[in-house]
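This briefing is meant to be read beside the coordinates.

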Amino acid sequence: MTVPDRPSRVLAPSRRAQLSLFARNFFKHPRMLGSIIPSSPFLVRRLLDQVGWEEARVVVEYGPGVGTITREILARLAPDATLLALETNPDFVAYLGDSLPDPRLQVVAGSAETIQAELSRLGLPPADYIVAGIPFSTMPADCRRRILSDSREALADGGAMLIYQFSPKVGVDLRRLFSQVEKGFEPLNILPAHLYTCHR
């Protein structure tokens, strides 16, 4: 069951500043970001509508970037829940730390490959949801499969991994690794996005 959207507790920085930082990093690391602009509200809404917010106590986000989805997760997340954001780009890590001073948010300068170690280090239980927009299609196959396998193991019973991608390439691995995979599509995004809800 979802709960109505609540206003974010933190004022978002200017859209221009977000877009500028995102674009600069896209040109430096295009294979890491996959798109020159952040996710659209249409994509964010469709993705997060899959979350049972009343029950979610640990949510993990891979590659939060400038926090477009992070802010919306925090707007919906329960007061006693935790959002763990794993980001490899130091510019984004610093930006998130400065712009989102929310006690529920743990921003870690690290990779999705360390998900289980980070949950353990922070004393957190398995994740109820993992949200991932990192570009699986451009990763080496062994790295992609390792992250997906470790993510499945990091989920609580009944948990789900929510993935959005601009290529359907990852679908084969998802169906091999997860017990149930539901696919959607969001055309009102630049670029149009494939969405996957993957149950452990």
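The points below are grouped by topic.

The model is predicted. The secondary structure of its chain comes to eight helices and seven strands. Of the 200 residues in the chain, 52% are buried.

**Chain as a whole**

- Considering contacts between residues at least 6 apart in sequence, 70% link residues at least 24 apart.
- The disulfide count comes to zero.
- C143 is buried, its relative accessible area being 14%, and C198 counts as buried at 0% relative accessibility.

**Helices α3 and α4**

- Two packed helices are described by the angle between their axes and the distance between those axes.
- Helix α3 spans residues 41–48 and helix α4 spans residues 68–76; their axes come within 10 Å and cross at roughly 45°.
- Angles under 35 degrees count as roughly parallel and 65 to 115 as roughly perpendicular; the crossing angle is roughly 45°, and α3 and α4 are therefore oblique to each other.
- The crossing of α3 and α4 is right-handed.
- On the α3 side, the contact is made by V44, L47 and L48; on the α4 side, T68, I69, E72, I73 and R76 take part.
- Sorted by class, this contact of α3 with α4 has five nonpolar, one polar and two charged residues.
- How many of the nine residues of α4 are buried? Eight are, so α4 is largely enclosed by the rest of the structure.
- The buried residues of α4 are T68, I69, T70, R71, I73, L74, A75 and R76.

**Strand β1: V59 and V60**

- V59 lies in strand β1, and V60 is found in strand β1 as well, within residues 58–62.
- V59 is buried, with 2% relative accessible area; V60 is buried, with 0%.
- Not counting residues up to four places away in sequence, V59 touches I73, L77, T82, L83, L84, Y129 and V131.
- One of these contacts, I73, is among the α4 residues that meet α3.
- With neighbours within four places in sequence left aside, V60 is in contact with L83, L84, L86, I115, L119, A127, Y129, I130 and V131.

**Strand β2: A85**

- A85 is found in strand β2, which covers residues 82–87.
- Where does A85 stand on burial, buried or exposed? A85 counts as buried, at 0% relative accessibility.
- Apart from residues up to four places away in sequence, A85 touches E61, P64, L105, Q106, V107 and V108.

- The loop between β6 (180–186) and β7 (193–199) holds L191.
- The peptide bond from I190 to L191 is cis, with omega near 5°.
- T197 is found in strand β7 and is buried, with a relative accessible area of 10%.
- Which residues is T197 in contact with, leaving aside its neighbours within four places in sequence? They are Q50, A160, M161, L162, Q180, V181 and E182.
- Among the partners of T197 are Q180, V181 and E182, and strand β6 covers 180–186.
- T197 and I130 are 67 residues apart along the chain, and their C-alpha atoms are separated by 9.9 Å.

Technical notes: Residues are numbered from 1 along each chain as its sequence is written. This is a predicted model: local features need pLDDT of at least 70, side-chain atom pairs count only at pLDDT 80 or more; totals for chains, interfaces and linings use all residues. Side-chain values use heavy atoms; hydrogens and water are left out. Axes are lines fitted to C-alpha atoms, for helices over the stretch in contact, and angles run from 0 to 180 degrees between N-to-C directions. Helices (H or I, at least four residues) and strands (E, at least two) are DSSP runs, numbered from the N terminus. Angles under 35 degrees count as roughly parallel, over 145 as roughly antiparallel, 65 to 115 as roughly perpendicular and the rest as oblique. A crossing is left-handed if the near helix is turned anticlockwise from the far one by less than a right angle, and right-handed if clockwise. Contact means heavy atoms within 4.5 Å. Ala, Val, Leu, Ile, Met, Phe, Trp, Tyr, Cys and Pro count as nonpolar, Asp, Glu, Lys and Arg as charged, and the others, Gly among them, as polar. Buried means under 20% relative accessible area, exposed over 50%, partly exposed in between (1.4 Å probe, protein chains only). A disulfide is a pair of cysteine sulfur atoms within 2.5 Å.
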